[in-house]
Amino acid sequence: MSKYHPLLQSFGALLVLDADSWRIQAVSSNLAALVGTAVTHDRVQTLSGVLGKRLSQRLRRELKGQQRLAGPLTFTRPASATRFQLYAYRSGAYVVVEVEPLTPIAKRRLLGTVNDRLLRLTEASHQEELLDYLVRTVQELTGHDRVTICHFDSDWHGLIVAEARDDNLPTLLGQRFPASDFPLSLRLAYERHPVRLIEDVAAPGEHLVPRDCPVALNDSFLRAPAPERQRYLRRLGVRGTLSVAMQSDTGLWGLLFCHSATPHPVPPPVRDAVRMLVQMATQRLLLLRARQEARYLQRVQDSLALSTKARVEPQSPQQLLADQADTWMALFRSHGVALWAKSSVFQAGNTPAPETISQLVKRLDKAHAHSGPWCTRHISKEPLTASLSMPQQCGVLAVPLPVNPAQRGWLLFFRPEQIESLYWAMQPKTFPQEAALATPSSAWHEEVVGKSEAWQRVERLAAVDLGEDLTLAISAYEISTLNMYLECERKALAEANQRLEQLAHFDPLTQVWNRYRIEQAIDAELVAAKRYGAVFAVLLFDVDHFKQINDNHGHSLGDDVLVSLARLVEGSLRGCDHLGRWGGEEFVVLATHSDIDAAVGLAERLRHLVTTLEVDGLTQPVTVSVGVAAWHPGDSCKTIVAQADKAMYQAKRTGRNRVEVAIKEPF
């Protein structure tokens with residue numbers, strides 16, 4: 001039985017060569033019509049005999065030892081003014097060559113247009129502005145009837161968040177597509193090949209000649225859409241489509257779709273321009289999101305700053321909650337907050353009964369052992385909460401507070417039900433394909449009940465930061481109370497003060513200095529620098545892909561990575577240098593008596609040292625991105641750390657596992 005090959009689109013031709021890129025094994029049925037050269041199979045024919053000796057030699061030279069060409073080659077057939085583009089890659093024991101004619105276009109004008117649009121994209125300050133400009137620009141370049149951006153949620157449902165169109169196709173803006181439209185195989189295919197073109201979904205396909213050539217063509221850009229994809233696009237009223245993946249650091253963020261009601265070719269230079277624009281827009285989008293999250297985290301941190309009076313006179317948990325409840329509920333978009341500490345419940349806003357909160361805390365202590373947050377947006381369906389009486393609640397975010405080793409405290413936020421009206425372009429039910437598809441002109445409406453708003457990742461991170469500072473504040477109050485009542489008990493007082501010192505100055509997980517203590521040390525070094533002209537530098541580093549470690553291996557292993565990394569780095573520092581945990585997976589090194597060259601040398605040494613870290617159960621390597629900032633006159637603790645932070649994020653943007661030096665910006 002011959003091997004099945006998918007049909008090929010006719011806008012390009014395909015040749016299958018042997019592993020040495022010498023002899024032709026098979027060609028697509030349209031090769032002669034497209035290129036003007038016929039291949040006879042009654043005798044051995046070489047690539048040079050079809051495309052010329054010079055082009056064949058160049059192809060073999062550039063493909064030698066490589067899986068694919070670094071970029072396409074261009075050539076002109078003898079006695080023909082048509083230029084062609086050639087691309088090649090290896091597929092098993094074969095080399096697959098794809099040939100496509102290059103439509104004459106004004107390259108300089110296209111380049112100028114793209115450069116202008118790229119500049120405009122980099123100036124966008126909001127996500128909506130950025131995405132709207134992107135779809136308008138792509139529609140202008142390609143001429144498609146409709147250009148949309150589909151963003152994936154955590155369940156891989158797609159939401160159309162931006163659109164540019166004319167009257168030939170109906171709007172999809174605001175509509176959703178079910179996750180079944182984007183199976184894992186399709187998402188993985190977009191990771192390998194971010195651009196997909198279908199000129200005409202209804203056009204008959206080309207086939208290989210001879211048909212029994214056993215080469216796999218799954219990675220061919222020319223492959224025709226599968227029958228189920230053809231039916232899907234026809235139901236959307238689409239004949240021609242171009243789609244481009246929008247990749248983030250953590251996976252597929254979304255897709256840009258270009259649809260046309262009629263067959264629609266897109267020349268290779270235009271496809272390349274669209275891909276470049278999408279890549280730039282995606283990076284700008286991620287940067288805007290990171291800035292927005294940073295501003296939110298800063299607002300949460302600002303809400304936690306204890307006043308001078310509060311530091312001298314620590315507040316009770318009840319006082320803390322009473323003072324901060326309204327601010328916290330606004331920041332975390334909740335309608336109730338509760339603090340459970342030492343078997344006591346303190347509440348504000350709309351919360352369950354105290355006995356219900358106590359039952360929830362007991363269950364959390366048993367089921368949630370690690371130090372990260374726990375959350376749900378569907379209380380009635382969550383096994384841990386389903387049997388509890390919380391009629392006015394639908395969402396819970398709970399953060400453990402390691403106030404003492406024997407019993408953890410808990411900070412809990414509660415959200416009400418949020419009824420959502422969702423409009424689906426394709427009905428997200430497990431029905432046969434024919435019944436599941438809605439008509440393109442009318443979306444299928446679904447009303448989602450029984451759920452709260454989803455707890456965003458940045459909210460969970462902020463809740464952890466809040467829990468750490470709250471733990472410190474509660475511990476300070478407890479120590480103050482002990483000092484007041486056990487003044488005559490010197491031993492107990494000494495132990496309490498030691499515990500306060502540990503909690504105040506050391507991170508409970510890694511046992512290195514915490515943020516408060518390292519800031520004190522930086523402030524002291526600033527005084528010495530101003531008074532005596534001493535030099536010093538700050539190194540800020542962050543564990544690369546730490547979220548993947550938590551997601552793939554669990555938070556307990558993530559904690560082990562942080563502990564092992566802290567021990568490794570602290571053990572390699574000089575006695576006059578200091579290590580502190582800045583928050584989450586970020587650490588700070590205060591390098592005293594170090595100019596910028598010495599600090600960069602230290603950063604490179606630490607970066608290399610971390611790559612040798614081995615943690616039981618962890619299969620991926622651990623790396624860090626390091627930002628280095630040296631002290632300059634006029635710097636404060638805030639400005640020098642901000643410079644190091646900016647350099648660290650530059651290291652992340654330029655590939656991670658790198659050291660970047662902060663550029664001193666004028667005031």
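Strand β23, residues 624-630, is mostly covered, with 7 of its 7 residues buried; buried here denotes under 20% relative accessible area, exposed over 50%, and partly exposed in between, with a 1.4 Å probe and protein chains only. Helices (H or I, at least four residues) and strands (E, at least two) are DSSP runs, numbered from the N terminus. Please bear in mind that this is a predicted model, in which local features need pLDDT of at least 70 and side-chain atom pairs count only at pLDDT 80 or more, while totals for chains, interfaces and linings use all residues. Residues are numbered from 1 along each chain as its sequence is written, and side-chain values use heavy atoms, with hydrogens and water left out.

Two strands pair if DSSP finds at least two bridges between them. Strand β20, residues 536-543, is joined to β23 by 7 bridges and runs antiparallel to it; here Phe541 stands opposite Val626. With strand β24, residues 659-661, β23 pairs in the parallel sense over 3 bridges, and Val628 stands opposite Val661. Together with helix α19, residues 637-653, β23 and β24 make a left-handed β-α-β unit. For reference, a crossover is right-handed if, with the strands pointing away from the viewer, the path from the first strand over the helix to the second runs clockwise.

Next, another sheet. Its 5 strands form an open sheet in the order β14-β13-β17-β16-β15, with antiparallel pairing. Why is one side of β14 and of β15 left without a neighbour in the sheet? β14 (344-349) and β15 (374-376) stand at the edges and each has a single partner strand, so one side of each lacks a neighbour there. Strand β13, residues 336-341, is joined to β14 by 6 bridges, and Leu339 has Phe346 in β14 as its bridge partner. Two helices pack on this sheet. Helix α10, residues 317-331, touches β13, β14 and β17 (409-415), and its direction makes about 30 degrees with that of β14. Helix α13, residues 457-485, touches β13, β15, β16 (395-401) and β17, at about 40 degrees to the direction of β16. Axes are lines fitted to C-alpha atoms, for helices over the stretch in contact, and angles run from 0 to 180 degrees between N-to-C directions; contact means heavy atoms within 4.5 Å.

Now to the interior. A nonpolar core is a set of buried Ala, Val, Leu, Ile, Met, Phe, Trp, Tyr and Cys residues joined through side-chain atoms within 4.5 Å. The largest has 47 residues, of which Leu14, Val16, Leu134, Ile149, Leu208, Val215 and Leu256 touch the most other members. Helix α8, residues 268-304, gives the most to this core, with 8 residues. A second, separate core of 32 residues includes Val543, Ala566, Phe587 and Val610.

By contrast, is Asn552 buried or exposed? Asn552, found in helix α16 (residues 546-553), counts as exposed because its relative accessibility is 54%.

Finally, the chain as a whole: it has 19 helices and 24 strands, and 48% of its 667 residues count as buried.
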